[in-house]
Structures are given as structure tokens and as C-alpha cells.
Amino acid sequence: MSSFGAPSHLRRDRLSDQIAKDIEARVLSGELAIGDRLPSERDLMAHYGVGRPAVREALLWLNKTGMLSVSNGDRSRVTEPDPRELLQLLSGAARMLVSRNSGIRQFQKTRTFVEVAIVREAVRQASEEDIADLAELLAQNEASAEDIALFSRTDDAFHHRIASIAQDPLLDALYHVVLELLEDQRRMSLSHPEALSKAMEAHRQIFEAIRDRDADRAEAAMRAHLTTVVQTYWDIREEAADPAD
């Protein structure tokens, strides 16, 4: 335990929280680096002068935050945080928001902000290989016009490939979380008779702007595309709520 210095004073209430904060401080200060293993549970119990439940609760909390990897039969290890896992911690509250119309509108705006940023970065960073991949995915999307389920999958693949070009893990994680929250909205929008043809045309405009290295045109095309998706969703909702239909 010589490399694991004396702990700061621990209050006797909420011991697991205090242990978690002490370990977290060691990670943030660099005393514990990514890949380092913590002492065993038994050693941590002796070190902090607490029982196994307090140590386990602290380790599990740090595991949930993405700071530690905890597995049965092995010592906990400091890990590189995964942005998507961190954002997933907010999923419960986010799903409560998206269960209301106001929350849906908020996440629709968030999706637009994120995808516009992503497509501008994609224009800047896209390699010839990236553009070739997008061309292939666009062709697959356009070939699936008679199959909504296949169209949806190729639609996802096209948008996800654009996101991957930006090479920003946090932005990519936020994008995927928002898409998951808006899954029902996206599927409903595709059920509109004109949705697939409009989406395909929008995808082609987005692709051609990326190919031509035109960030302003790419942003305008993406914004117009997502605006159409949002408007289609609310039109369908309004029609479904109208007793005259």
C-alpha cells in the first residue's frame, strides 16, 4: 500500500461517497493513471477502516461513472472514460423529457444543432475514402425506396458515417444519444407517403456538398432536411389527433 497514500479525513456518514471522492481525487490528480489497478477490496477495507459494503458501493459508483472498470474476481482498474457511457447516465431524465411534447421539441433542436456542426466538420475532414463510403451508402439508401425498414437502416448508416468523419468522440456520443431518444419520431416521420423521396433528395444534396467541400451548402442542406423531418412528424401527430380524419 506504499503507493496508495494516507486518505484524507472521512466523515462517518455516507462513507461510500467519501471513499469514491477520495479515489476520484487520486485519479484526477494523476496519482492513479489510466490502466492502474486499485488495491484489492480487502486492502481498501483496511486502508479506509470500513466494511466491504462501503467499499463495494464506492467502486460500483465509480464504475457507473466510467472512471473504473469493476469485475468479479479481479481488482478494479482505472479506465478511459467513454463519452457515450457518460451521456447514458442522463438517459433516465432525458426519457422523461422526451415523453412530453416540449421535451421532443427540445431534442429535435438539439439534433439539428449537433448534426449541423457534424456536417460542417465532415466537409473539413472528409478523405477520399470517406467520400467513397458515403457514395456507396447513398446508393444503398436510394435503392431501398420500396422497403421502409431497409430505408431506415440505410438512412441511419448514411448519417452515422457522416458523424464518424468528424472524429469528435463527445459530439459523436451526443449525436447517438439524441438519435436514440428520437427513434419513435424518426420512424413516424418516415411513414409519410412523401417522406422517403424527400429524404433521399436531401441525402444527395448533403453528400454532394460534402464531396464538393462546401460547408455552407452542406449546413443548409442538413438543416433543411431535419426541418422537414420535424415538420412531417408534427403534421402526422396533428392529423392523428384530429377527430375529423
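**Figure 1. The largest nonpolar core of the predicted model has 26 residues.** Among these residues, I118, V119, L134, F158, I162, I206 and I210 touch the most other members. Six helices each give at least two residues to this core: α6 (101-125), α7 (128-142), α8 (148-166), α9 (169-181), α11 (195-211) and α12 (215-241).

**Figure 2. Contacts of I210.** Leaving aside residues up to four places away in sequence, I210 touches V119, A122, V123, A126, I131, L134 and I162. I210 is also one of the core residues that touch the most other members, as are V119, L134 and I162.

**Figure 3. The structure holds one aromatic pair.** The partners are Y233 and W234, with ring centres 4.9 Å apart. Their planes stand at 75°, so the pair is edge-to-face. Both Y233 and W234 are buried.

**Figure 4. The largest pocket has a volume of about 230 Å³.** Its lining counts 14 residues, and E41, R56, V70, S71 and D74 are the closest to the pocket centre. Helices α2 (41-48) and α3 (52-65) each supply at least two lining residues. The largest share, three residues, comes from α3. Sorted by class, the pocket lining has five nonpolar, five polar and four charged residues.

**Figure 5. The largest cavity holds about 180 Å³ of space.** The model has two cavities of 30 Å³ or more. The largest cavity is lined by 14 residues. Nearest its centre lie D155, L190, A199, H225 and V229. Helices α8, α10 (183-190), α11 and α12 each give two or more residues to this lining. The lining divides into four nonpolar, five polar and five charged residues.

**Figure 6. The second largest cavity holds about 30 Å³ of space.** Its lining is made of Q108, R111, T112, L182, Q185, L226, V229 and V230. By class, the lining has four nonpolar, three polar and one charged. V229 lines this cavity and is also among the residues nearest the centre of the largest cavity.

**Figure 7. A220 sits in helix α12.** The relative accessible area of A220 is 47%, so this residue is partly exposed. A220 and A209 are 11 residues apart in sequence. Their C-alpha atoms are 9.5 Å apart in space.

Definitions and conventions:
Residues numbered from 1 in each chain as written. Predicted model: local features only at pLDDT ≥ 70, side-chain atom pairs only at ≥ 80, totals over all residues. Heavy atoms only, no water. 1 Å grid on protein atoms, 1.4 Å probe; cavity = no way out; pocket = protein on both sides within 12 Å on 5 of 7 lines; lining within 4 Å. Points joined across faces, edges and corners; volume = space filled by probe spheres on them. Helix = DSSP H or I, 4+ residues; strand = E, 2+ residues; numbered from the N terminus. Nonpolar A, V, L, I, M, F, W, Y, C, P; charged D, E, K, R; others polar. Core = buried A, V, L, I, M, F, W, Y, C linked by side-chain atoms within 4.5 Å. Buried < 20%, exposed > 50% of the residue type's maximum accessible area, 1.4 Å probe, protein only. Contact = heavy atoms within 4.5 Å. Phe/Tyr/Trp six-rings, centres within 6.5 Å; stacked < 30°, edge-to-face > 60°.
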